[in-house]
Amino acid sequence: MKKPLLAVLGLVLVFTLCFAAGCTAGPNFFKNSPGADGSVAGFWLGLWHGFILPFAFVVSLFSDKVTIYELHNVGTWYNFGFLVGAATVWGGGGASARRR
């Protein structure tokens, strides 16, 4: 009973220190502003970017023209689509829940 409590307290301490140290992402000043082609990325483009995340990451290591996240987005809906797409590619949490 004490080990899980200790683990939870340790995680709370780590997250608290992380936030206190300022390691969270800063504000996106390009949110809701159109990109070079005049468009703003929404849910569906976020979903696509989440799907191609592993490939885009590898390419972004070698090219300055490729990024894994679109800065010119609508905010919450793009983020949600990106999260759903990335979770779909990486399997989400269903496999872990099924093993229990």
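Which residues make up the largest nonpolar core? Hi everyone, let's start there. This is a predicted model, where local features need pLDDT of at least 70 and side-chain atom pairs count only at pLDDT 80 or more, while totals for chains, interfaces and linings use all residues. Residues are numbered from 1 along each chain as its sequence is written, and side-chain values use heavy atoms, with hydrogens and water left out.

So, the core: its five residues are Ala 41, Leu 53, Tyr 78, Phe 82 and Ala 86. By nonpolar core I mean buried Ala, Val, Leu, Ile, Met, Phe, Trp, Tyr and Cys residues joined through side-chain atoms within 4.5 Å; buried is under 20% relative accessible area, with a 1.4 Å probe and protein chains only. H4 gives the largest share of this core, three residues. Helices here are DSSP runs of H or I, at least four residues, numbered from the N terminus.

Now look at Phe 82. Beyond neighbours within four places in sequence, Phe 82 has contacts (heavy atoms within 4.5 Å) that include Gly 46, Leu 47, His 49 and Gly 50. Those four are the buried residues in H2, which spans 43-51. They line one face of the helix, because they fall within an arc of 165° seen down its axis, taking directions from the axis to the C-beta atoms. Their cover includes H3 (53-62) and H4 (76-90).

Asn 73 counts as buried, at 1% relative accessibility. Its side chain reaches the backbone oxygen of Glu 70 at 2.7 Å, and a 3.5 Å polar contact joins it to the side chain of Tyr 69. Thanks, everyone!

Notes:
Buried means under 20% relative accessible area, exposed over 50%, partly exposed in between (1.4 Å probe, protein chains only). Helices (H or I, at least four residues) and strands (E, at least two) are DSSP runs, numbered from the N terminus. A polar contact is a pair of N or O atoms within 3.5 Å; within protein, one must be able to donate a hydrogen and the other to accept it, and residues adjacent in sequence count only if both atoms are side-chain atoms.
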